[in-house]
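Welcome, and please open your viewer. We will take a walk from stop to stop, selecting a few residues each time.

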Amino acid sequence: ISELMRLTRARRDMVANFSHDLRTPISSIRLLVESLQMSLGKNPERDKKQIGKLASEADSLQHMTQELIDLSMIESGKAIMRLVPILLMDVLDKAMVIMETQIDQKRIQITKTFPPDFTVLVDPEQLKRVIANVVHNAVKFTPPEGSITLLAIREGEMGRLCISDSGPGIPPHERTRIFERFYQVDQARTGGAGSSNRGG
């Protein structure tokens with residue numbers, strides 16, 4: 001019963017956090033649309049920047065929605081893995097496209113280090129989502145003009161992909177709990193639930 005109560009509280013907290021996070025992009029989109037409606041065409045350069053911000057906020061909404069869909073699929077046992085050989089760089093590039101707008105806006109430097117022709121046996125769509133999720137956190141919590149590094153390493157018949165950033169990271173005493181169901185780091189202390197020096 002205690003475990004069920006803990007999970008119920010965790011789920012309630014997660015829903016509250018998502019609701020709070022959703023308000024920000026929705027409010028921003030509303031304000032940007034109203035601004036464009038009043039002044040569209042009067043200042044093309046400003047219009048271009050506002051449209052870029054709209055795209056960024058829409059990307060955030062899409063990312064959060066996909067997180068909820070993925071969680072639902074996993075909990076229902078309907079998540080299916082389709083393993084195929086594919087170049088890791090191809091999956092990475094597709095995942096990075098999702099965050100291009102935010103990366104450009106914050107002028108974040110991206111460094112990629114990969115062995116040539118690094119082929120892996122994975123579910124490309126699922127891996128793309130994992131990479132996009134980690135990169136999303138890295139971009140979100142990396143300060144402007146910061147850096148994100150992606151490093152791929154061969155380890156025998158296995159491969160390791162490490163993603164690190166120059167953001168605030170997760171406090172050492174919180175790191176043992178980050179894989180708990182619905183757990184989020186206290187945003188008041190870290191500026192969010194992002195992590196630096198992530199490996200996967």
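Start by selecting strand 4 (147-155) and strand 5 (residues 158-165). These two form a hairpin with two residues between them, and in the turn you will find Gly 156, whose phi is positive at about 65°. Helices (H or I, at least four residues) and strands (E, at least two) are DSSP runs here, numbered from the N terminus. Strand 4 and strand 5 run antiparallel and are joined by eight bridges; two strands pair if DSSP finds at least two bridges between them. For one example, click on Ile 153, which stands opposite Arg 160 in strand 5.

Before moving on, a word about what you are viewing. This is a predicted model, in which local features need pLDDT of at least 70 and side-chain atom pairs count only at pLDDT 80 or more, while totals for chains, interfaces and linings use all residues. Residues are numbered from 1 along each chain as its sequence is written, and side-chain values use heavy atoms, with hydrogens and water left out.

**The other side of strand 4**

Strand 2 and strand 4 run parallel, with five bridges joining them. Look for Gln 109, opposite Ser 147 in strand 4.

**Zoom out**

Now show everything. The protein has six helices and six strands, in the order α-α-β-α-α-β-β-α-β-β-α-β along the sequence. Of its 200 residues, 34% are buried. Buried means under 20% relative accessible area, exposed over 50%, and partly exposed in between (1.4 Å probe, protein chains only).

**Helix 3**

Select residues 88-97, which make up helix 3. Which of its residues are buried? They are Leu 88, Val 91, Leu 92, Ala 95 and Met 96. Look down the axis of helix 3: these buried residues fall within an arc of 130°, so they line one face of the helix. (The arc is that of the directions from the helix axis to the C-beta atoms.) An α-helix has 3.6 residues a turn, so residues three or four places apart point the same way.

**Salt bridges**

A salt bridge is a side-chain nitrogen of Lys or Arg within 4 Å of a carboxyl oxygen of Asp or Glu. By this rule, the count is six. Select Lys 112 and Asp 93, whose closest N and O atoms are 3.2 Å apart. This pair links distant parts of the chain, with Lys 112 in strand 2 and Asp 93 in helix 3, 19 residues apart.

Next, pick Glu 145 and Arg 107, another salt bridge, with the closest N and O atoms 3.2 Å apart. Glu 145 sits in the loop between helix 5 and strand 4, and Arg 107 in the loop between helix 4 and strand 2. Is Glu 145 buried or exposed? It counts as exposed because its relative accessibility is 56%. Check the backbone too: Glu 145 has a positive phi of about 65°, and phi of Arg 107 is near 55°. Most residues other than glycine have a negative phi.

In helix 5, select Arg 129 and Glu 125, which lie four residues apart, about one turn of the helix. Their side chains meet in a salt bridge (3.9 Å, N to O). Salt bridges that share partners join Glu 125, Lys 128 and Arg 129 into one network.

**Last stop**

Finish with Met 81, in the loop between helix 2 (44-76) and strand 1 (84-87). Met 81 counts as exposed because its relative accessibility is 54%.

Technical notes: Contact = heavy atoms within 4.5 Å.
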